Amino acid sequence: MDKTDKIKEAVKNNEQEYLDFLRTLIEFDTSVIRHGEDGQEYAAQKWVAEYLEKMGCQVEMFEPDNEKMSRYPGYNKGHSYKNRPNVVGIYKGTGGGKSLILNGHMDTMPSGDLTCWKYDPWKLTEEDGKLYGLGSDDMKGGLSSAILALKLVLESGYRPKGDIIIQSVVDEEGGGNGSLACVDRGYQADGVIIAEGTNMEVFPVNRGAWLGEIEVDGKPIHASLKGFGESAIDKMMKIIGCLYELESKWMSTKRHPLLAPPSFNVGYIQGGLVASTVPEHCVIKFEIEYYPTEFDKFGRKIRVDKDEVIKEVENYIMDMAKGDPWMKDHPPRIQWFQDCAPFETDTDDPLVQTLADVAGEMIGKRVITGMSAGCDARHFTNIAGIPTVVFGPGSCHNAHVFNEYLPKDQYLEAIEIFAKMIVEWTK
């Protein structure tokens, strides 16, 4: 029996243990508060730290330091980390092999309206091959599979030559400060895998995201005299139309071989007081997704400057506003409140190719493509300079939704793949 068959056999024999591990993590309520300004990850992180210690890892627990993180691009301010520690477990290799970081976040989005859930969000429920529970897909399943893969490898008697570093981080949903704190602390490796749900496909690149807010003022008056006022909501509709016009322009002119086109999403709008008054104020919050690199008119690959992205958006809106009789004197106010830069690792990098080969061997699926959403990979590539990929069980389609679930077969397959990857990468 070769190593691949031994790993598959071990996963089959330990299936109940692996389900129980995920069940325990689901039972901890680790949902973020006010989109990450606060959180409640401590109890779950303490449990993971103790588990990693029993596996033979050197374990560190530390709270992210806002002062230290504030010097980095992509830092998201205004978040508290009291009783919100990161957990890092280091299994020291025997020497001479490549090292690997396996990273996952402990925090989840809030449950929302509990009446919309088919099952208790904090109880792992299996039905028709699906593992229901808050965080099962995003991303306690991926984090669990990474930890259990190392446990499987060690129990098999294999000792990696390179170090294996497990990172269970906080506050990914609020912008990624947990992983940023790990980078600031100096953890290094020859490769990083972020165990987000990718439907078992290898993602060496993702789109970046800027989250912004636009406010515009109007001139209130009784609705019967609408022509003597200026509707802030009507002005905002022009601004929204302007955003989508720019989106159409980008979609028709920008291309990346692994990524969906750039996009805009208006996710929040508030304006006015009552139906009988012309609204005096309106605000939207929106997100733009953009490429890390693109091709110019000569076919040359160029890096996208994230600051130039927001400058183009601002200029497009303000140029439109200058042509509006009201907004030229009462211009919209634009601010950016979250920066989630893109990342990109060359598809020819050994990390990308080795993981794709392992996935192809273990489950017969060898796909290299791109990730539409943002994630923590950017900190490792853009700041630490480490080749990074995103790979794990689940899918973005099952994240941030009622009745979140993780396919059971993918959860077990991820343990197999991560175990084989540890063996292949560190030998």
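**Sheet and helix packing**

Four strands form an open sheet in the order β10-β11-β9-β14, and their pairing is antiparallel. The edges are held by β10 (263-271) and β14 (333-340); each has a single partner strand, so one side of each is left without a neighbour in the sheet. The model is predicted.

Strands of the sheet

- Direction ignored, neighbouring strands of this sheet are turned by 20° against each other on average.
- Seven bridges join strand β9 (residues 208-217) to β14, and the two pair in the antiparallel sense.
- Glu215 has Arg333 of β14 standing opposite.

Helices on the sheet

- Helix α8 (residues 306-322) packs on the sheet and touches β9, β10, β11 and β14.
- The direction of α8 makes about 155° with that of β14.

The α2 and α11 pair

- Helix α2 (residues 15-27) packs against helix α11 (residues 408-426) at an angle of about 105°, and their axes are 11 Å apart.
- Angles of 65 to 115 degrees count as roughly perpendicular, and α2 and α11 are therefore roughly perpendicular to each other.
- On the α2 side the contact involves Glu15, Tyr18, Leu19 and Leu22, which meet Lys408, Tyr411, Leu412 and Ile415 in α11.
- By type, the residues of this contact between α2 and α11 are six nonpolar and two charged, with no polar ones.

Note on methods
Residues numbered from 1 in each chain as written. Predicted model: local features only at pLDDT ≥ 70, side-chain atom pairs only at ≥ 80, totals over all residues. Heavy atoms only, no water. Pairing = 2+ DSSP bridges. Axes fitted to C-alpha atoms, helices over the stretch in contact; angles between N-to-C directions. Contact = heavy atoms within 4.5 Å. Parallel < 35°, antiparallel > 145°, perpendicular 65-115°, else oblique. Nonpolar A, V, L, I, M, F, W, Y, C, P; charged D, E, K, R; others polar.
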